[in-house]
Amino acid sequence: MAPQYAPSLRSRLAPMLLVLQIGFILIYAFYIEIESNVNVYGITFSNFYAEFQNVNVMVILGFGFLCTFLVRYGFSGSGFNLLVAVMATQWAIILNGIESWYYRGKIRIDLKSLVVAEMCAASALISIGAVLGKTNPVQLILIALLEVSGFVLNEWLLQTLLKVQPLNSIMLLHIFGAFFGLTMTWILFKKGAEQPFEKEKVDRKSGLFSILGTLFLWVFWPSFNSILVDNHTPGRRLGAVFSTYLALAVSAVTAAAVSSLSSPKGKLNPIHLQSCMLAGGVAVGVSMPAVHQPWEAMTIGFTAAVVSTIGFRYLKTHMLLAFQCHDTCAVLSTHGLPGLLGWLAHLLLQLKDYDDPTTAIRFAVFHICCLLITIALSLAIGIIAGLLLKWHFWRPPQDKKCFDDQAFWEFPHLAVQK
Amino acid sequence: MAPQYAPSLRSRLAPMLLVLQIGFILIYAFYIEIESNVNVYGITFSNFYAEFQNVNVMVILGFGFLCTFLVRYGFSGSGFNLLVAVMATQWAIILNGIESWYYRGKIRIDLKSLVVAEMCAASALISIGAVLGKTNPVQLILIALLEVSGFVLNEWLLQTLLKVQPLNSIMLLHIFGAFFGLTMTWILFKKGAEQPFEKEKVDRKSGLFSILGTLFLWVFWPSFNSILVDNHTPGRRLGAVFSTYLALAVSAVTAAAVSSLSSPKGKLNPIHLQSCMLAGGVAVGVSMPAVHQPWEAMTIGFTAAVVSTIGFRYLKTHMLLAFQCHDTCAVLSTHGLPGLLGWLAHLLLQLKDYDDPTTAIRFAVFHICCLLITIALSLAIGIIAGLLLKWHFWRPPQDKKCFDDQAFWEFPHLAVQK
Amino acid sequence: MAPQYAPSLRSRLAPMLLVLQIGFILIYAFYIEIESNVNVYGITFSNFYAEFQNVNVMVILGFGFLCTFLVRYGFSGSGFNLLVAVMATQWAIILNGIESWYYRGKIRIDLKSLVVAEMCAASALISIGAVLGKTNPVQLILIALLEVSGFVLNEWLLQTLLKVQPLNSIMLLHIFGAFFGLTMTWILFKKGAEQPFEKEKVDRKSGLFSILGTLFLWVFWPSFNSILVDNHTPGRRLGAVFSTYLALAVSAVTAAAVSSLSSPKGKLNPIHLQSCMLAGGVAVGVSMPAVHQPWEAMTIGFTAAVVSTIGFRYLKTHMLLAFQCHDTCAVLSTHGLPGLLGWLAHLLLQLKDYDDPTTAIRFAVFHICCLLITIALSLAIGIIAGLLLKWHFWRPPQDKKCFDDQAFWEFPHLAVQK
């Protein structure tokens, strides 16, 4: 039955990629120039470049190998991740520069623009985790472009309407990406998919590749949270690095403890551990502006890991059976819940600092509005994306061909498995 | 027979992890604060951070994947490594700050404290190499906490009694870790374990994961040896980087030559190569303060690789049969012997520089005392740790369940191996 | 039939490695010293070191794991890559310092020397890609030493005769390495080898290891192209980073599109994608001095990926059948063609900038001479190397033992594959 859909890539993927890529080149030719004054933000190139590379490793190697856990879907996991990441990054550079283009006619880019664009791409990669294996690369790229557009629009709304700091609005990427992905996978749900997919399996070696990706994310997450923190207040960046490191350390330990506690045989679950040990990084990233002491970061990391591991153990099946929402990489527990927790921690820590109840209430209203706008927008655009992708024109893979590299990749020299 | 021990993790691991972790959070809440004056050591944050990340990659990815060579023990190798590393790092930050807490009531931490703590954790990871696969994670974490305590005590003794420079005492981590691990595995030896374990095997792919880990260590070792070298003397840090790079290069080549020479069929042994090509980095790290010329580093690398490869080929079996000391990752040849060699090279190179025999003898006595204290302490605490771990309360895995992920991990979606 | 050649390593490899290594140590002892004045180039150690490590990761981990795609040749791919890289680097440091030795009697090395030496080693690693699997490590090391000597001679000729900038001559490494490798593999061709080798196969997991290597190269390529760009003109280095990043992004997308277009079933080929997504980095590296706008880099990346993917799809078989040239890693399409394209792009972009036809023609002649010298020298030394390696003294592996780790590695504890 497969051959019926196999040619989809030729008549859909190739033209789409070529048209988009040539379009991007034309836009870059007319509107983009490199900012030669490298000292605009008081950060010299050399100081910034090493951290940029850390973020780049996270986006390409970290997310890429995180998605190789499916035993027959390793090439797709890492390969489509790269395609999506580079398309989303190019698109995000353009979108982030629209305001500057409006006023000056040109978009000036520097290393910081690239970092911000890669973070927008990371937000798209998170959404894709929810539909991984059930979509083809054409759909993935469409999702990524829509998600990035939505995320940039959300940033712009927050900054324009509520005067939110750019750094704070970017860090909502976990919440935006997770809810966008969940909405989409809910809309794309096909009747009868409550049964587990035949090929949605891991094996020892694909599990190790996935651990490799997770550890790349774990190791470089402090750069992800600290790179955009401005360097004017001395120690602020060091604080961000420390908070993230400690939160990640605590959440690795806590995820192991909770995973073992919640297992009837007292065993650890490698997939829980992988996803949930990153929860601390997510939560601290979202609450970064209000975290000033190491113990605050550690407590946030602890709570995030508890919530995330319990969510993974009980919520994933529940979401599937009760809400018909099949979430391949469990983005709800990995990014959604810890992101919300981080938002809450930000609120509580900030309220603690205010003596004046009026200011406190004003801040709470402002902070709740931020969240509501973000979630509303992510749901709205997620619904649009989901409906668009339901269209049969995109030739989605059949259920039997889900989670299988063979639908998209040719292996002329593949050794016969013994 | 397995189910009898399977529940151990639930009633031992989870409570231990939670109690320790909450304890750490409380200690951090009351006594730890971040040093905001980032220029204390004349090193700015940006200059230091890239090298910190290199060390972090070594500890998490390097040691983690080095331990994945066992075919059925990959999840444990990399997962327990992470758990141990983060527990040991958090504990080492506290222990290293005790003096400052005593005088000032607070422990101030900066990026350098984190690097030093990760090096203490590295020393624990080395010891764990000797008992890997024969212990459960509860035991591993206890070992790590004891080892780190012993190592920090050793540092404090050397610095207080003998006025050893901090950098020099830290670099003894290879010697301390190796002898601690060997003592422990000797005490934990069970009668009848001369036969090779049924599951202590490698396959092609697990071997490649292990090579990946080794190469992470190999590539970033120059950072490990140079990061704590102070930057006041210009060129000192560059010298450390160069010495380490050249020593590693020479020991990779030499390990290949000796491995092929000592094999009856003239073949290379992948595991020899992996362990022994790091010997140069160990030896040069220990002798760093006295290495000033590239050729000195290269000669040390050459000798270290010869000693290490021959040690690996002949000593590992000998240790098992004659001394009943089963050394999973061969830490004796990888860290112990090259560490001793580095200590000797330091002595010889330093003696060469002294004209005055009195100073020379005084230095020799001082240098020998350093080694004796380190070895004595590592043996003593190794014996204590070994005896503590023999206690059946910790539910060690049975021989049949050694080197097997299945004792500790659950795989609900594991694909059937074909 | 294998045992007949199996002992070759013992009586050939070990003595050769030991003699060469001891020779290098002696040369370093007498002639090499570390440059302590670290500010010679206006670049401080800390600024330079992070980028050096990126290049180091590319050479050791990137090229090493790129070569693990062959299912039975993973240990050799990554292990021999390391051996060759460190031998070639040590040798290149000596060769690059000959001029300074001639005038001052000493060779002074700093971090920049090490980077340049690693780039020469990269050029040797590219050549080796063409003969990988069909040669033994003794031959590989000889090839590497000859290739590096030829490449350094080429650089010296270009700089002496034509006053080419050092950076521009180094970037010809892709062209030199590719044509050197092709000539050699053409000379080493054995009759009857038109049939595919029995063991020249990939499997899912070895493919993923290879993707890992490719992604290391992809992620850190901006450092490779920018590290030697001088920092005096502000923004020049940022420009190099941006150009490389964008070219790589565009070539990843384009390679996917062309691979899918040119496949009858519209599927992607993982090996195409891997090699061809690096084409943009190669081409932009060669044309770097003339690339000033992002869109120029993107167009170069686009063209390079088209040329490279089409070359891979149709040229590889053609080269084998028509020219009897078996190119294991397809270095022609990955480095050769994109390198030539980069050279052409450099010419065209530079000509566009000249108003005066005389200067333009002078530049064109100069630029063509550079290429002709490089190609002539690479062919000449490739022929010499090929003829030398044909000598049976080196005991090349038999056809049946090609692409097999078992000819060179011993596996005492290998698990039986189930």
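A: **A salt bridge between chains, and its surroundings**

A:Asp203 and C:Lys205 form a salt bridge, in which the closest N and O atoms are 3.6 Å apart. The model is a predicted one. In general terms, side chains of opposite charge can pair when their charged atoms come close.

A:Asp203 counts as buried because its relative accessibility, 9%, is under 20%. C:Lys205 has a relative accessible area of 11% and is therefore buried as well, by the cut-off of 20%.

The setting of this pair is the interface of chain C and chain A. There, 61 residues of chain C are in contact with 68 residues of chain A. The two chains bury about 5700 Å² between them, and carbon and sulfur atoms account for 74% of that area. Of the area that chain C buries against chain A, 14% comes from C:Arg204, C:Phe242 and C:Tyr245, more than from any other three residues. Across this interface there are 3 salt bridges, and 13 residue pairs are in polar contact, with both residues at pLDDT 80 or more.

The side of chain C that touches chain A can also be described by its elements. Those giving two or more residues to it are helix 2 (45–66), helix 9 (204–226), helix 10 (236–261), helix 11 (270–276) and helix 13 (294–323) of chain C. Helix 10 of chain C supplies the largest share of this side, with 16 residues. By class, this side of chain C is made up of 35 nonpolar, 14 polar and 12 charged residues.

Chain A also meets chain B. In that interface, 61 residues of chain A are in contact with 68 residues of chain B. The area buried between chain A and chain B is about 5700 Å², with 74% given by carbon and sulfur atoms. A:Arg204, A:Phe242 and A:Tyr245 supply 14% of what chain A buries against chain B, more than any other three residues. Between chain A and chain B the count is 3 salt bridges. In a salt bridge, A:Arg204 pairs with B:Asp405, and the closest N and O atoms are 3.5 Å apart. The count of residue pairs in polar contact between chain A and chain B, both residues at pLDDT 80 or more, is 13.

On the side of chain A that touches chain B, the elements giving two or more residues are helix 2 (45–66), helix 9 (204–226), helix 10 (236–261), helix 11 (270–276) and helix 13 (294–323) of chain A. Helix 10 of chain A gives the most to this side, namely 16 residues. The side of chain A that touches chain B holds 35 nonpolar, 14 polar and 12 charged residues. Helix 10 of chain A is itself mostly covered, since 24 of its 26 residues are buried. Its 26 residues should span 38 Å at 1.5 Å a residue, and the end C-alpha atoms of helix 10 of chain A are 37 Å apart, which agrees.

Over all chains, the structure holds 21 salt bridges. Two pairs within chain C may be set beside the one described at the outset. C:Glu33 and C:Arg108 meet through their side chains in a salt bridge, at 3.1 Å from N to O. This pair links distant parts of the chain, with C:Glu33 in strand 1 (residues 32–34) and C:Arg108 in strand 2 (residues 107–109) of chain C, 75 residues apart. C:Glu33 counts as partly exposed at 22% relative accessibility, and C:Arg108 likewise counts as partly exposed, at 42%.

The other pair is C:Arg72 with C:Asp404, a salt bridge whose closest N and O atoms are 3.8 Å apart. C:Arg72 lies in the loop between helix 2 and helix 3 (74–96) of chain C, and C:Asp404 in the segment after helix 15 (357–390) of chain C, so the pair ties together parts that are 332 residues apart in sequence. C:Arg72 is partly exposed, at 24% relative accessibility, whereas C:Asp404 is buried, with a relative accessible area of 2%.

How values were computed: Residues are numbered from 1 along each chain as its sequence is written. Chains are lettered from A and ligands numbered from 1 in the order in which they are written. This is a predicted model: local features need pLDDT of at least 70, side-chain atom pairs count only at pLDDT 80 or more; totals for chains, interfaces and linings use all residues. Side-chain values use heavy atoms; hydrogens and water are left out. Contact means heavy atoms within 4.5 Å. Buried area is the accessible area (1.4 Å probe) that two parts lose on being put together, summed over both. A salt bridge is a side-chain nitrogen of Lys or Arg within 4 Å of a carboxyl oxygen of Asp or Glu. A polar contact is a pair of N or O atoms within 3.5 Å; within protein, one must be able to donate a hydrogen and the other to accept it, and residues adjacent in sequence count only if both atoms are side-chain atoms. Helices (H or I, at least four residues) and strands (E, at least two) are DSSP runs, numbered from the N terminus. Ala, Val, Leu, Ile, Met, Phe, Trp, Tyr, Cys and Pro count as nonpolar, Asp, Glu, Lys and Arg as charged, and the others, Gly among them, as polar. The expected span of a helix is 1.5 Å times one less than its number of residues. Buried means under 20% relative accessible area, exposed over 50%, partly exposed in between (1.4 Å probe, protein chains only).
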